[in-house]
Amino acid sequence: MLAPPNGREMIMTVVAGRTLTAPEVVPGTALPEERIEVSPTFVVSTAIATRDFQDVHHDRDLAVAKGSEDIFLNILTTTGLVQRYVTDWAGPEALVRGVSVKLGVPCYAHDTLTLFGQVLEQVEESSENRLVLEVLGRCGRGEHVRGTVRLVLPEVES
Amino acid sequence: MSGVSGIASIAGIGATEFSKESGRTELQLAAEATRTALDDAGLDPSEVDGMVTFTMDTNTETAVARELGMGELSFFSRVHYGGGAACATVQQAAMAVTTGMAEVVVCYRAFNERSGQRFGQVQPAVAGAATSAGVDNSWSYPLGLGTPGAQVAMFARRYMHTFGATSEDFGRVAVTDRKHAATNPNAWFYQRPITLAEHQDSKWITEPLHLLDCCQESDGGVAIVVTSTERARDLPHPPAVVQAAAQGSGSDQFTMTSYYRDDLTGLPEMGLVGRQLWQQAGLGPQDVQVGILYDHFTPFVLVQLEELGFCGRGEARDFIADGAVELDGRLPINTHGGQLGEAYIHGMNGITEGVRQVRGTAVNQVDEAHNVLVTAGTGVPTSGLVLSAE
Amino acid sequence: MTSTASSATAAKDTGPARDNESVHAAAERISAAGESRPRPGRDPVNLPMIHNWAEALGDGNPVYTNAEYAETSVHGGLVAPPAMAQVWTMGGLHPEPAPDDPMRAMTAALDEAGYTSVVATNCEQTYHRYLRHGEHVAVTTKLEEVTGPKRTGLGEGWFLTLRYTWYVDTEAVAEMMFRLLKFRPADGDEPARPTPEPAGDNTADESDPRTGSPILPAINRDTAYFWEGTAAGELRIQRCGRCGLLRHPPGPMCSECGATKPTHLVACGHGQVYSYVVHHRPPVPGKELPLVIALVELDEGVRVLGELHGIDPDEVHIGLDVEVFFRQVDEQVTLPCWRPRTEGK
């Protein structure tokens, strides 16, 4: 998914694809790398879409006055991106049971966020066979997020 | 001079790009690197009759041979002990060529070490294995010492205590490597040098090691073609002559945890490699212009300088602080950026840099690099090479 | 951004000490108040907000926005993205202060003590089920833990751990552990500037303990005596049955005389730290980090590794007198561990 430099148009990830099944995925499976151009529009629109109106996410002057270099992504968006990155790969009917994020450096406007991921393990939780995935998001300043997603995949093709 | 000295040469080198996520199988990486190395050597896959890799490599010699369309192989061999195997693959190849067991030998190593199995993470399975190695690891892993970084940190703390070395002394190695990587377009950390302050500010991994004391985790593959020096002379590049090649394991040796020797401030197995290299090559430390020293963790670079005779015990920190390892210094090290800066391909990318220095084609070329020393993994049974221009 | 070292020692002068007391008192009072009253979200779960979210984040999953697709999917109808759980109850542009909000009360107490800056560090969300359009979500908040003061890369501060629970009627549908750092910026009047990590590699995870089974040793007939010893509260060292050589780690054949008749002695359990590390990352299954691991030279002359407990990592030094104790990790395995040697023993 990309935001063009003018930030006016977002290209939606098209997820018309099938959903992976549990037997197809083994620990160690890597997810394809994805780059997100973090335009000011992206920072602002995601902040508002997550109903986060803190000024550091939409007002550059105030963000700088508070010691930041620019406006930056809010945590609800980072959480949402980690979820989306995994479901984009797994397919529309993958069930998300949990998303955990640990935040590192802020992801400022005009930076590029690169997401990496891999399947860490399979666990039995709440009588379900769940996959635990690790997702890393790096931007120019270093590691922005280290996330864990718990996912349930269908056992067979629907 | 003795043994294999001078009889075999490296005629070709090849590598894939170095990344965090290659997006392809380890076999494909091995095959691509091998093809590139053979192209570099001007040889056809059908001319290869020997292959050597690490026991840790997941690609069998036969699988790589099939991908390349190689024919019959008369020699295949593997070397154990992780990164300690790197230079020993070339030693195996040189011995095979010298004894006539094979004529053209490919040494390779390829892995998705970042996107697949990461060596920097704790791998519980290695302690439980019903092997002597599993039992050895049972004296460290269950007790909380379960990563290579933590295992090296234990040596580093004792070294600091004995010689008064500091974290900054270790940090200078990282700064130098990253400076060299910054001008190497193939390095992961191309154009990203660091300062000593950044090293000091980087987070703790295992005290006394900061993040920036630890090498990267990388995906990639490297291959090296060894043949007789005589044949190499007719190939496109000038031969990088294997002037010396040695392995070493010390007394009371463990893999990463040789904690039970009288002294923890040295790497006797590397001392043994060094003594053999100088003896085989008829050279000494003063005759070497470039050092490619295995740098998975910075402290062992200091210990190697001492074990190999470039300075006295406990003096490496002054040797480094005086600028000796810089490009214009007495012994420029890791001119490609090392594993801290270029990529962690288990030491094999260090050998290719040694070849480029001897050929005169390195990005950070050292003037009159006639003899280059290359070492393999530290803290484990290890190996080393002296490569020379003719 | 995690704490780089914990300051276990008491603050040095009375001012900060008084502040610390006031923070602890506030933490106790606010935690004791328990869960806040449920605060309902402004709107029920609805398509327009989901659509805005999906559009902004670039999420094209049709189970969120394509009714036709959703009907035939595993969900049987449109659902909300799980990661939107918190969005439903965000305060919006003009949030109404909830008087019993523990987050607000605790941050006020910390502001007063001079810890004025804030940065979120962790957020762990668990989704019990997917939400459907029209469901009305309410959230409760509870202060779970306040730890500090800790020295961090950003300055001295306190970690607050809060638990949020989202309900539909009385059914808990999602939960979140949220941790933030309230800190006093490192350079006095400088504004808080999150410190970027220098570009390095991701060798490691953060230092939070990760759940996982502890790593167990491989035990065979050469080494069983050692683990039987730890289970019985003894630190056993292999001793050659012929020449008496003491050896650890052990092996089946005496490296000195070649005999294959090992016996053992029970060590007195005293020694000195020969070297040590403080492990911060990556996570080690079954261990809480940071963890001190010491290589101890026993009075008997051999070295044994083990966790070192009962001492601040900053206080550990080579030469420290330690004694063994034992910690059972599962039915079969007990590990030797070290602690500073107490006086008079």
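How do α6(B) and α11(B) lie to each other: parallel, antiparallel, perpendicular or oblique? Before you select them, know that this is a predicted model, where local features need pLDDT of at least 70, side-chain atom pairs count only at pLDDT 80 or more, and totals for chains, interfaces and linings use all residues. Residues are numbered from 1 along each chain as its sequence is written, chains are lettered from A and ligands numbered from 1 in the order in which they are written, and side-chain values use heavy atoms, leaving out hydrogens and water.

Now select residues 148–163 of chain B, helix α6, and residues 299–307 of chain B, helix α11. Their axes sit 9 Å apart at an angle of about 60°. The two helices are therefore oblique to each other (angles under 35 degrees count as roughly parallel, over 145 as roughly antiparallel, 65 to 115 as roughly perpendicular and the rest as oblique).

Next, show side chains. On α6(B), pick V152(B), F155(B), A156(B), Y159(B) and F163(B); they meet P299(B), F300(B), L302(B), V303(B) and E306(B) of α11(B), with contact meaning heavy atoms within 4.5 Å. Sort the residues of this contact and you get nine nonpolar, no polar and one charged.

Last stop: cysteines. Over all chains there are zero disulfides, a disulfide being a pair of cysteine sulfur atoms within 2.5 Å. Click C107(B): the nearest cysteine sulfur, that of C87(B), is 10 Å away. C107(B) has 0% relative accessibility, so it counts as buried (under 20% relative accessible area; exposed is over 50%, partly exposed in between, with a 1.4 Å probe and protein chains only). Then jump to C123(C), whose nearest cysteine sulfur, that of C107(A), is 17 Å away.

Definitions and conventions
Axes are lines fitted to C-alpha atoms, for helices over the stretch in contact, and angles run from 0 to 180 degrees between N-to-C directions. Helices (H or I, at least four residues) and strands (E, at least two) are DSSP runs, numbered from the N terminus. Ala, Val, Leu, Ile, Met, Phe, Trp, Tyr, Cys and Pro count as nonpolar, Asp, Glu, Lys and Arg as charged, and the others, Gly among them, as polar.
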